[in-house]
Amino acid sequence: MKKKSAPTPPTPDWAAFLATTELLRGTDETSLQAIAAEMEPQLIQAGDTLIRQGDPGDSFYIITRGRLRAVLRSAEGAEQMLREMEPGESIGEIALLTGQARTATVYAIEDVEVLRLAQTTFDRLVISAPAVAKQIEQKLLDQIRRRQLRTALRTSRLFHELDEALLRDLEAEVTWVSLVSGEKLMRQGEAGDSMYVIVSGRLRVVQQRADGIEHILREIGRGESLGEIALLTEAERTATAYAIRDSEVARLSRAGFGRLLTKYPHTMTRTFTRSLIEIIASYETKRTYANAHESLTIAIVPAHPDLPLDEFMRRLMQGLVALGPTLHLNSAKVKQLLGENAIAEEDLGVWDATDVRLVSWLSEQEFEHRYVVYAADPTLTPWTRRCLRQADHILIVGQANHNPALGPLEVALHELEERSSHKQKSLVLLHRDGTRLPLDTQRWLLIRQVSQHHHVRWQRPADFDRLARWVAGRPIGLVLGGGGIRGMAHLGALQALEEAGIAIDLIGGVSVGAMVAGAYAMGESVQTITQRFKAIYAPTTIDVTLPIVALTTGKQQNDITQAMFGHHCIEDLWLPFFCLSTNLTRAEEVVHRSGSLWRSVRASNSAPGILPPMVEQGELLVDGALLNNLPMDIMRTFCGNGTVIAVDVTPPVDLTVIAPQGETVSGWRALWEQVSPWASSGTLPNITALLYRAAEVGSVYALKKQVGKRLADLYLRPPVERFGLTEARAFDQIVELGYHYTNEQLAHWQGQLSAQKDR
């Protein structure tokens with residue numbers, strides 16, 4: 001009898017299998033059949049490698065049987081396991097979209113079967129079956145989104161302590177919101193029915209207040225959240241949030257939150273609530289605390305075609321690399337990595353495979369790097385448009401010795417102003433070696449809408465490091481308070497800071513603090529500034545006048561201030577600078593950040609009763625100490641999440657009197673007691689000291705109420721109270737005291753910072 005041959009095993013129904021996978025679940029039958037027809041089955045024996053780290057990303061896989069393990073190998077050969085994958089899971093999504101090199105090695109733990117889709121096959125699908133290709137692209141993007149959401153949640157201050165099961169359920173509850181640059185996520189006054197977590201991109205939160213002005217509250221990036229309070233209280237939104245750049249946001253509805261609360265009552269009540277309280281407390285202290293994993297993107301726009309952009313980028317990158325993982329991208333580099341046609345012409349609202357691949361790849365780079373720097377082309381190319389769209393911060397870079405007129409690219413950028421007007425823009429002016437002080441910066445600023453400007457000398461790495469800290473949102477600001485001769489402690493503090501290697505990126509002050517800060521912002525050494533002040537406080541005659549307006553004419557102070565600062569403008573200082581005066585006419589603070597340096601500093605020094613006020617446009621400006629003798633709050637506004645160091649030389653208790661004076665005071669007797677060697681000590685201070693203290697008392701009182709608000713990261717208060725406000729003979733002692741005190745406090749502070757890093 002003839003034997004029957006063994007039946008041929010049936011061909012697996014790969015379309016049915018693909019329909020069960022997380023990646024392709026919900027895809028229509030026609031598309032599944034088309035995808036299955038293009039996928040190639042492969043067998044990998046236990047122990048064999050499927051893909052190797054660093055190999056070209058030329059294919060995508062879905063596991064049908066067995067288990068795979070992904071590992072990361074360091075340059076030294078050390079191996080770190082990333083994850084294990086089971087049937088239904090996929091590998092190589094980013095490779096299929098971008099062709100990016102493999103970031104890990106994957107091998108079989110046991111015999112494995114996979115379905116392989118080559119990138120060349122997928123590219124053919126894009127042409128022959130664009131609808132199918134689009135579905136695959138969308139599914140792959142969803143897969144990438146889920147992975148990025150998990151990363152954002154794990155780094156979030158609100159959710160990072162949640163357990164694995166709760167995180168999985170949280171991921172299932174959220175829906176996705178895609179925002180283009182400038183688009184609003186929520187509006188002030190609308191119903192608060194959900195909260196949001198930023199997965200990629202960056203948002204700005206603003207509030208319309210009673211004065212009709214839109215105030216910026218904070219900026220938030222990956223892993224940070226907003227809308228939590230409205231979600232819990234059902235109150236209206238108290239602020240508006242919009243995208244600074246293209247952003248992906250996960251939305252959790254009130255109903256979804258309720259389901260999580262019902263399923264995990266203890267964890268949600270304890271962990272979620274504690275984290276929320278900590279976040280709210282940080283808002284109350286005016287701190288925005290950038291997430292350590294958040295990515296910042298910077299676009300570099302040349303003001304003129306002949307700018308040596310590559311050299312500028314090289315030096316800026318050196319400063320940024322010291323702050324965190326940094327990537328520099330330009331059009332040539334992107335084309336080299338992703339192919340000559342990697343950069344598509346921007347066309348919002350139209351699906352394009354090339355554009356999707358580029359956006360997905362850029363998103364992955366921003367996840368892997370703390371800072372991504374986009375160098376624009378010299379003209380308005382598709383890459384330049386992409387740079388502007390991706391950027392949080394736009395740097396316009398020009399050479400100071402060039403014509404300040406708008407360059408060709410800047411002129412072309414005006415058509416994009418509507419999309420980029422909400423972005424932070426800064427001007428960087430590059431100076432040749434030997435430049436003493438910048439000149440005519442106002443000519444550059446008058447025709448550009450920028451929030452900041454920076455002067456950088458080509459051959460000074462410290463200038464590029466300072467610029468890097470600014471664009472990274474990590475500047476170091478020093479604020480110096482008023483206090484007469486006691487302000488010479490500022491000089492000792494500056495010397496100690498320099499010796500400790502703490503570079504100052506922004507400096508400001510009030511009264512004598514404004515004088516010290518102004519001189520330092522000009523780039524003068526501490527030694528030179530000390531000698532200048534020593535000459536100022538040397539015994540000399542005082543230009544006393546009939547005390548109708550003030551005790552002095554002000555001429556001597558004018559001469560001193562003009563001799564120190566000349567006719568320079570604040571915009572032309574090497575360091576960003578501000579000082580504070582009080583508008584006596586309007587009873588409000590005036591922050592001086594532009595215009596005549598000497599006039600601004602003189603206004604900040606105009607102690608009422610001692611010096612006549614400065615007159616500006618018919619209004620009277622006097623000493624800033626009346627309202628704010630140590631403007632830490634203003635410095636915090638400028639520095640954001642950077643470091644604020646404050647030096648306070650005004651003691652909370654001063655001018656104590658030992659001997660009783662009775663109900664009246666004789667000026668002749670007071671004069672005798674000050675000049676006579678036989679007079680008793682402890683009498684009332686002179687009128688100058690009284691007027692100085694009277695000018696300080698309001699801000700001293702306000703400062704006491706600010707204690708604990710963490711407006712400064714390092715608050716220094718040298719013990720200068722034993723010296724009189726006008727005790728010029730103690731000059732050297734006060735400088736020395738400020739130096740030693742600051743050294744001691746710095747050692748303690750830096751020790752605390754080191755301990756925090758080790759935790």
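# Sheet, cores and surface

Me: What makes β1, β8, β3 and β6 an open sheet?
Reply: These four strands are arranged in the order β1-β8-β3-β6, with antiparallel pairing. β1 (40-44) and β6 (90-91) are at the edges with a single partner strand each, so one side of each has no neighbour in the sheet. The model is predicted: local features need pLDDT of at least 70, side-chain atom pairs count only at pLDDT 80 or more, and totals for chains, interfaces and linings use all residues. Residues are numbered from 1 along each chain as its sequence is written, and side-chain values use heavy atoms, with hydrogens and water left out.

Me: How do you know that β1 pairs with β8?
Reply: Two strands pair if DSSP finds at least two bridges between them. Five bridges join β1 to β8 (residues 112-118), so the two strands count as paired. Strands are DSSP runs of E, at least two residues, and helices are runs of H or I, at least four residues, both numbered from the N terminus. The protein has 26 helices and 30 strands.

Me: Why is Phe60 called buried?
Reply: Buried means under 20% relative accessible area, exposed means over 50%, and partly exposed lies in between (1.4 Å probe, protein chains only). Phe60 has 3%, so Phe60 is buried. This residue is in strand β3 (residues 59-65). Leaving aside neighbours within four places in sequence, Phe60 is in contact (heavy atoms within 4.5 Å) with residues including Leu23, Ile91, Leu115 and Leu140.

Me: Why is Leu584 called partly exposed?
Reply: Leu584 has a relative accessible area of 43%, so Leu584 is partly exposed. Leu584 lies in the loop between β25 (577-583) and β26 (588-592).

Me: What makes a set of residues a nonpolar core?
Reply: The members are buried Ala, Val, Leu, Ile, Met, Phe, Trp, Tyr and Cys residues joined through side-chain atoms within 4.5 Å. The largest such core has 57 residues, and Leu478, Met488, Ile507, Phe533 and Phe577 touch the most other members. Helix α19 (residues 512-521) gives the largest share of this core, eight residues. A second, separate core of 26 residues includes Leu327, Val334, Ala376 and Leu409. In soluble globular proteins, nonpolar side chains tend to be buried together.

Me: How many of the 759 residues are buried, as a percentage?
Reply: Buried residues make up 52% of them.
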